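Me: I am new to this structure and would like to learn how to read it. Could you take me through it feature by feature?

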Amino acid sequence: MKTVISIQSHVAYGYVGNRAAVFPLQRLGCDAIAVNTVQFSNHTGYGEWTGQVFTAEHVADLMDGVAARGVLPTCDALLSGYMGDVGLGQVIVETAARLKAANPRAVYACDPVMGDVGRGFFVRPGLPEFIRDHAVPAADLMTPNQFELEYLTGRTVETLDDALAATAALRERGPRLVLVTSLTRKDADPGHIEMLADDRDGAWLVSTPRLPLDPSPNGSGDAVAALFLAHYLKAFDPADALERAAAAIYAIFQTTRRMGTRELQLIAAQDEFVNPGQRFTATRVR
């Protein structure tokens, strides 16, 4: 069994942040240690919410308590998502270093949540620069969307060659593996959406049909990062993890659409995490 520390936001209702990551990790056999950076009634996409943002000191204090239980040497990965502010980002990067000191084989998986195509940046000032300059060099696995990939590398991505050049540039700055969680390019079928996994040994592309979801559910990137990490930790096979994560998130989208809700239907689709009814083949592109 693998153990993953997940430092992310938390909502009481709905599925984003740790609510979108912890259950997939558990369903795939990982012991998840959830550290919440906020506790909100619901995700902010609804336009109104209640709850509190936790301070960097609060999260650091929680991590001290977790470390005091002697679990860091047995932890296999740290997964981080929405950081909130630079102070919290510093705690997360310091936690990654602390984990690696206790277990040099541990993986820091950073989902650089900061913006999206059409929305631009939606995080506090200074955080994109912090992620670029500090989280990227510390990470072993990065899971940006296309907008975040372009920002982190200073490159425009319009073709597959552009995407491969950008992931290679990002790997040169630290991460050994990059997963682009949503890729839309001019030289591809507009009816499909892709994910791209790139490490030093090769790059693989997987394509799934684009489902009409309006509004698009929040939390899909959080779920994909967790699904991919859980499968990757089993055999460190990027192509296999990519195929399995793509199958799972597609099944989640299908179930969400069928049930007519804007919240990801993780519970209803949970069996697809383990035994997907439909598999999508990852094609080697480098």
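Me: Which residue stands opposite Val178 in strand 9?

Reply: Met142 stands opposite Val178. Before we go on, this is a predicted model, where local features need pLDDT of at least 70 and side-chain atom pairs count only at pLDDT 80 or more, while totals for chains, interfaces and linings use all residues. Residues are numbered from 1 along each chain as its sequence is written, and side-chain values use heavy atoms, with hydrogens and water left out.

Me: How do I read strands and their pairing in general, and which strands pair with strand 9?

Reply: Strands (E, at least two residues) and helices (H or I, at least four) are DSSP runs numbered from the N terminus. Two strands pair if DSSP finds at least two bridges between them. Here, strand 8 (residues 141-142) pairs with strand 9 in the parallel sense over two bridges. Strand 10 runs antiparallel to strand 9, and five bridges join them. One example is Leu177, whose bridge partner in strand 10 is Asp199.

Me: Is strand 9 largely enclosed or open?

Reply: For this we need burial: a residue is buried under 20% relative accessible area, exposed over 50%, and partly exposed in between (1.4 Å probe, protein chains only). Six of the seven residues of strand 9 are buried, so the strand is largely enclosed by the rest of the structure.

Me: What is a nonpolar core, and how many residues does the largest one have?

Reply: In soluble globular proteins, nonpolar side chains tend to be buried together. A nonpolar core is a set of buried Ala, Val, Leu, Ile, Met, Phe, Trp, Tyr and Cys residues joined through side-chain atoms within 4.5 Å. The largest one here has 49 residues, and those with the most contacts inside it are Val4, Leu25, Leu79, Phe228, Leu229, Leu242 and Ile252. Among the elements that each supply at least two residues of this core are helix 1 (18-27), strand 4 (77-80), strand 9 (177-183), helix 7 (220-235) and helix 8 (238-259). Helix 8 gives the largest share, eleven residues. Apart from this core lies another, of 45 residues, including Leu88, Leu149, Ala163 and Leu164.

Me: Where should I look to see what surrounds Val4?

Reply: Look at its contacts, meaning heavy atoms within 4.5 Å. Leaving aside neighbours within four places in sequence, Val4 is in contact with residues including Leu25, Ile33, Leu79, Leu229 and Leu233.

Me: How should I read a helix, and which residues of helix 2 are buried?

Reply: An α-helix has 3.6 residues a turn, so residues three or four places apart point the same way. In helix 2, the buried residues are Ala56, Val59, Met63 and Val66. Seen down the helix axis, they fall within an arc of 85 degrees (taken from the directions from the axis to the C-beta atoms), so they line one face of helix 2. On the other side of helix 2, Glu57, Asp61 and Ala68 are exposed. Strand 1, strand 2 and helix 3 are among what covers the buried residues of helix 2.

Me: What span should helix 3 have?

Reply: The expected span is 1.5 Å times one less than the number of residues. Helix 3 (residues 86-102) has 17 residues and should span 24 Å, which agrees with its end C-alpha atoms being 24 Å apart.

Me: How do I read a polar contact, and which side chain makes one with Asp140?

Reply: A polar contact is a pair of N or O atoms within 3.5 Å; within protein, one must be able to donate a hydrogen and the other to accept it, and residues adjacent in sequence count only if both atoms are side-chain atoms. Asp140 lies in the loop between helix 4 and strand 8, and is buried, with a relative accessible area of 12%. Its side chain makes a polar contact with the side chain of Lys100 (2.6 Å). The Asp140 side chain also reaches the backbone nitrogen of Tyr108 at 2.8 Å.
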